[in-house]
Amino acid sequence: MSAPVGISSLLAIAIVRRLLLELKVPEGQDPVRMLAEPIEVWVSRPVEDFNGRSPAQVLAAPGGDDMVRSWLQRRLR
């Protein structure tokens, strides 16, 4: 069985940054506090909450933006 397909890291980073802006996270706020690592690293590492898939893999799937947005919203609370 092949690994799940993801989108490029650069596109995933751009989408996550857009989602953070949509969620009204100030641009100057360091996302490392929320993600526990820089966005550039986070998008390509498996996340337990995404069933071991990376955010880039989740974003490549239908509805992936909504899944990542929901995850970010939970982290912001």
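This is a predicted model: local features need pLDDT of at least 70, side-chain atom pairs count only at pLDDT 80 or more; totals for chains, interfaces and linings use all residues.
Helices here are DSSP runs of at least four residues, numbered from the N terminus.

Ala36 is not a glycine, yet it has a positive phi of about 70°. Its relative accessible area is 64%, so Ala36 is exposed, the cut-off for that being over 50%. Asn51 counts as exposed because its relative accessibility is 70%.

Then there's Gln29, in the loop between α1 (9-22) and α2 (32-35). Gln29 counts as partly exposed, because its relative accessibility is 36%.

| Residue | Relative accessible area | Class |
|---|---|---|
| Gln29 | 36% | partly exposed |
| Ala36 | 64% | exposed |
| Asn51 | 70% | exposed |
| Leu59 | 8% | buried |

**How α1 meets α5**

Now for the helix packing. The axes of α1 and helix α5 (residues 64-76) are 10 Å apart, and the two helices pack at an angle of about 55°. That angle is why α1 counts as oblique to α5. As for handedness, α1 and α5 make a right-handed crossing.

Who does the touching? On the α1 side, it's Ile15, Val16, Arg18, Leu19, Leu20 and Glu22, and they meet Asp65, Val68, Arg69 and Leu72 of α5. Sorted by class, this contact of α1 with α5 has six nonpolar and four charged residues, and no polar ones.

**The nonpolar core**

Some of those names come back in the largest nonpolar core. It has 21 residues, and Val16, Trp42, Val68 and Leu72 are the ones that touch the most other members. At least two residues of this core come from each of α1, α2, α3 (39-42), α4 (55-60) and α5. The largest share belongs to α1, with six residues.

Setting aside neighbours within four places in sequence, Trp42 is in contact with Val16, Leu35, Glu37, Val47, Phe50, Pro55, Val68 and Trp71. Val16 and Val68 are on that list, and both also belong to the α1 and α5 contact.

**Leu59 in α4**

Finally, Leu59, which is part of helix α4. With a relative accessible area of 8%, Leu59 is buried, since buried means under 20%. Leu59 and Leu11 are 48 residues apart in sequence, but their C-alpha atoms are 9.4 Å apart in space. Apart from neighbours within four places in sequence, the contacts of Leu59 are Ile7, Ala12, Ile15, Val16, Gly64, Asp65 and Val68.

Definitions and conventions
Residues are numbered from 1 along each chain as its sequence is written. Side-chain values use heavy atoms; hydrogens and water are left out. Buried means under 20% relative accessible area, exposed over 50%, partly exposed in between (1.4 Å probe, protein chains only). Axes are lines fitted to C-alpha atoms, for helices over the stretch in contact, and angles run from 0 to 180 degrees between N-to-C directions. Angles under 35 degrees count as roughly parallel, over 145 as roughly antiparallel, 65 to 115 as roughly perpendicular and the rest as oblique. A crossing is left-handed if the near helix is turned anticlockwise from the far one by less than a right angle, and right-handed if clockwise. Contact means heavy atoms within 4.5 Å. Ala, Val, Leu, Ile, Met, Phe, Trp, Tyr, Cys and Pro count as nonpolar, Asp, Glu, Lys and Arg as charged, and the others, Gly among them, as polar. A nonpolar core is a set of buried Ala, Val, Leu, Ile, Met, Phe, Trp, Tyr and Cys residues joined through side-chain atoms within 4.5 Å.
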